[in-house]
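Hello,

Here is the structure I promised to pass on. Please have a look, and my notes follow below.

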Amino acid sequence: MTESKFISNKVRYCKNCVLPLSAVNLSINPEGICSACEFHKVYQSITPQGWEERRKKFENILNEYKSQSNYDCIIPVSGGKDSYFQTHQIVEEFKLKPLLVTYDGNNYLPEGIHNRDKMRENFDADHLIFGPSVKSLKELNKQCFKIMGDMNWHAHCGIYTYPFQIAVKFKIPLLIWGETFWDISGMYDVNDMVEYTKRMHVEHNLRGFQWNDVIKNTNLTEKDMSWAKFPTDEEYIRNRIRGIPIGNHFKWDPNKHAKFIIQKYNWKPRQEPFERTYRLMSNLDDRYENGAHDLLKFIKFGYGRASDHASKDIRTGYMKREEGVKMVKKYDHVISSDLEYWLDYVDMKESEFWEIADTFRSEKVWWIKNGEWYKENLWGGSSPYGEVRLKKDLQEKYIRD
């Protein structure tokens, strides 16, 4: 194979951060800057007066919904850094009484369990924790991996669907989320003030799949999936449900927030290093999010969690791009040991995992050469990333020699 044979399909990387164009919903302008970086530049340009105006809008929303039930609002929480910061804002800054609601996908790391369970005490708040049966979760892990290459579909569904169900059930119309939805690949303008809707839920978190799609070819029933049903449009409107990210109204800086909650609430970051990223403060509620789940993102799109974390830290000034490139080179390709844990969890052989996972590789990123998967690297050139495991008929569509 010669370079010229695939140069037109060469993956482009942002010149400012380290994200590739293969990142979901990302675009890159003629100057080589990605849409997420363009968004962040505008976000950083919001003046102190602009943030004060946003705060006042938030206060108006709180006053509109305050004390319409036994609780002033619902805060969906995992126990992570964002959960703590948004709860701190509501309880300490605005003196409201929230109901904390958690979806437990049975994947918590020890530090995550500690942080989650201390929230009741730290914030003197009532806390509702819900988890589907372990049998159902194992079935969903396995089935969703097979149909969409994502074993964590249940979590993407549950962490959003269940709090909205509670909002309807207990007539608590206001839900307050954490970081802004804007900075996901720069999909929105900073003045859009995006809120959480059913459409966003289905198109982005559910990957276009509903509960009845994912239980086909399983023993799961509709009753097993009751937690996965978003409220109907009629329920949503009648109860005046509204889901807003607090990041719409307050400048969001996860590194700064993590430092703050560690000092104030003795919040625990990861005590052991992750294998696929350098950050110790993210995704403690799910052992796979930084591991096997993220490995699948690398398999599909050619980049991983270290690319995400480095790009965010580059934009906020905590890291130079050169250091970010080193992080990507060190972590993105690693096959983390939690894969073995997951295979045991769902009773699957590793050979079956790779046979299925390889079918999800993007042809815009990967090709086959000499029995190896190849992709373009952020630091230049191309490298092999594992032996080809596809059947011969599927291999042919990737071969560009």
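Helix H4 spans residues 81–93 and reaches 17 Å from its first C-alpha to its last, close to the 18 Å expected at 1.5 Å a residue, where the expected span is 1.5 Å times one less than the number of residues. Helices here are DSSP runs (H or I, at least four residues), numbered from the N terminus. This is a predicted model, in which local features need pLDDT of at least 70, side-chain atom pairs count only at pLDDT 80 or more, and totals for chains, interfaces and linings use all residues. Residues are numbered from 1 along each chain as its sequence is written, and side-chain values use heavy atoms, with hydrogens and water left out.

Of the 13 residues of H4, 11 are buried, so the helix is largely enclosed by the rest of the structure. Buried means under 20% relative accessible area (1.4 Å probe, protein chains only). Among them are Tyr-84, Phe-85 and Ile-90. Just after H4, Lys-95 has a positive phi of about 60 degrees.

Now the rings. Rings of Phe, Tyr and Trp (its six-membered ring) pair if their centres lie within 6.5 Å; planes under 30 degrees apart are stacked, over 60 edge-to-face, and the rest tilted. That rule gives 31 aromatic pairs. Phe-164 and Phe-230 have ring centres 4.9 Å apart and planes at 45 degrees, so this pair is tilted. Phe-164 lies in helix H8 and Phe-230 in the loop between H10 and H11, 66 residues apart.

Best wishes

How values were computed
Helix = DSSP H or I, 4+ residues; strand = E, 2+ residues; numbered from the N terminus. Buried < 20%, exposed > 50% of the residue type's maximum accessible area, 1.4 Å probe, protein only.
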